[in-house]
Amino acid sequence: MKILVTGAAGFIGFHTCLKLVSQGHEVYGIDNINDYYDPKLKFDRLKELGFDETKSKLFKNEVQSAKFNSLRFSRIDLVDTKSIDNLFKKEQFEVVCNLAAQAGVRYSIENPKAYIDSNISGFLNILEGCRNHKVKHLVYASSSSVYGENNKVPFETTDNVDHPISLYAATKKSNELMAHTYGHLYGFNTTGLRFFTVYGPWGRPDMAYFLFTDAICNDRPIKVFNNGKMERDFTYIDDIVNGLVNVIVKNMENRAHYKLYNIGNNMSENLNDFIYTIEEALGKKAKKKKCKMQPGDVPKTHADITQLMKDYNFKPTVKINTGIKNFVNWFKSYKNII
């Protein structure tokens, strides 16, 4: 199968590319490699995929992986309408997996335009590419943030999501509506996956588990929001990618033009317990600074994954202590910490 993966230098995109090529698929990755967080991590992920950094830095320069014959990459921004259209026209993808987006709830309050550009205008270019070049299936990343301050748990895809409390969440809800419209009008299939807090090796440095680990290792205090009275459905990257790739490659008869799923661990972890798990893995106690709830944050997330289990046999298997241990081991190796 010939698959486009956007956001290929990102956390989930990187792991998805690895999984797809290991299964024998032909993969083309794109990413704009912006500076929302240190681009070095993104280039290091690309290096793991076999891409030369000097060549990968150049925009619209196709690079062949030195590790995988079936993997190519080009630095392209989703908002570059002409380049996106030319890529779709040239490659004739069967499936598109859109993981590129401006991430981060809190940053969306500081820099809203970045979210409209990437998550709305960029997503429109992907939809137009699918429409004009006969893509069979678009799989795209949504987010648990669309549930806002939903008090009913676990969260179900049938719950009302008309009250987002961050612009990031609003853009993700908009993506779902846009995908519904294009699937209905133009007849290609769309599947949105609402990701619940993803963690693991090669993760994003703006995420709590990464920030906590880095701070503890360097004897800095960690910020514990809402006095630790927070719960998250932490989901290990391998479970996420196994579910995602299964959605991409599984041949389903009579697939719907529009489908939404939650993809998570199906349970919530208390933030204080989560911090303790990191402390245990590091063998070192955290210095805690208690802080108020951040604007745009929610106190609890918990995914109902019944439908994904039914349709795709999805089953998360990695427990939090194992997942955090794996992350900490990677972190120490990556940062050269003995």
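Q: Where does lysine 134 sit?
A: Lysine 134 is in the loop between helix 6 and strand 6. Keep in mind that this is a predicted model.

Q: What is the phi of lysine 134?
A: Lysine 134 has a positive phi of about 55 degrees, although it is not a glycine.

Q: Why point that out?
A: Because most residues other than glycine have a negative phi.

Q: OK, peptide bonds next. Is the one from valine 153 to proline 154 cis or trans?
A: The bond from valine 153 to proline 154 is cis. Its omega is near -5 degrees. In general, most peptide bonds are trans.

Q: Where is proline 154?
A: Proline 154 is in a loop too. That loop lies between strand 6 (137-143) and helix 7 (167-186).

Q: Let's do helices. How do helix 4 and helix 6 pack?
A: Helix 4 covers residues 81-91, and helix 6 covers residues 112-132. They pack at an angle of about 30 degrees, and their axes are 9 Å apart. That makes helix 4 roughly parallel to helix 6, because angles under 35 degrees count as roughly parallel.

Q: Which residues meet there, between helix 4 and helix 6?
A: From helix 4, Thr81, Ile84 and Phe88. From helix 6, Asn125, Ile126, Gly129 and Cys130. By class, this contact of helix 4 with helix 6 has 4 nonpolar residues, 3 polar and no charged.

Q: Is the crossing of helix 4 and helix 6 left-handed or right-handed?
A: Helix 4 passes helix 6 in a right-handed crossing.

Q: Now helix 8 and helix 10. At what angle do they cross?
A: At roughly 45 degrees. The axes of helix 8 (residues 208-217) and helix 10 (residues 271-282) come within 10 Å. Helix 8 and helix 10 are therefore oblique to each other. Their crossing is right-handed.

Q: Which residues of helix 8 meet helix 10?
A: Tyr209, Phe212, Thr213, Ile216 and Cys217. Across from them in helix 10 are Leu271, Phe274, Ile275, Ile278, Glu279 and Leu282. The contact of helix 8 with helix 10 divides into 9 nonpolar residues, 1 polar and 1 charged.

Q: And how do helix 10 and helix 12 pack?
A: Helix 12 spans residues 320-334. Helix 10 and helix 12 pack at about 50 degrees, with axes 9 Å apart. So helix 10 and helix 12 are oblique to each other. Helix 10 passes helix 12 in a right-handed crossing.

Q: Which residues of helix 10 meet helix 12?
A: Phe274, Thr277, Ile278, Ala281 and Leu282. Their partners in helix 12 are Ile320, Asn321, Ile324, Lys325, Val328 and Lys332. That contact of helix 10 with helix 12 has 7 nonpolar, 2 polar and 2 charged residues.

Q: Last topic, pockets. What is the volume of the second largest pocket?
A: The second largest pocket has a volume of about 210 Å³.

Q: How many residues line the second largest pocket?
A: There are 12 lining residues. Met1, Lys136, Lys250, Asn251 and Arg255 lie nearest the centre of the second largest pocket.

Q: And what classes are in the lining of the second largest pocket?
A: The lining of the second largest pocket has 5 nonpolar, 3 polar and 4 charged residues.

Definitions and conventions: Residues numbered from 1 in each chain as written. Predicted model: local features only at pLDDT ≥ 70, side-chain atom pairs only at ≥ 80, totals over all residues. Heavy atoms only, no water. 1 Å grid on protein atoms, 1.4 Å probe; cavity = no way out; pocket = protein on both sides within 12 Å on 5 of 7 lines; lining within 4 Å. Points joined across faces, edges and corners; volume = space filled by probe spheres on them. Nonpolar A, V, L, I, M, F, W, Y, C, P; charged D, E, K, R; others polar. Axes fitted to C-alpha atoms, helices over the stretch in contact; angles between N-to-C directions. Helix = DSSP H or I, 4+ residues; strand = E, 2+ residues; numbered from the N terminus. Parallel < 35°, antiparallel > 145°, perpendicular 65-115°, else oblique. Left-handed = near helix turned anticlockwise from the far one by under 90°. Contact = heavy atoms within 4.5 Å.
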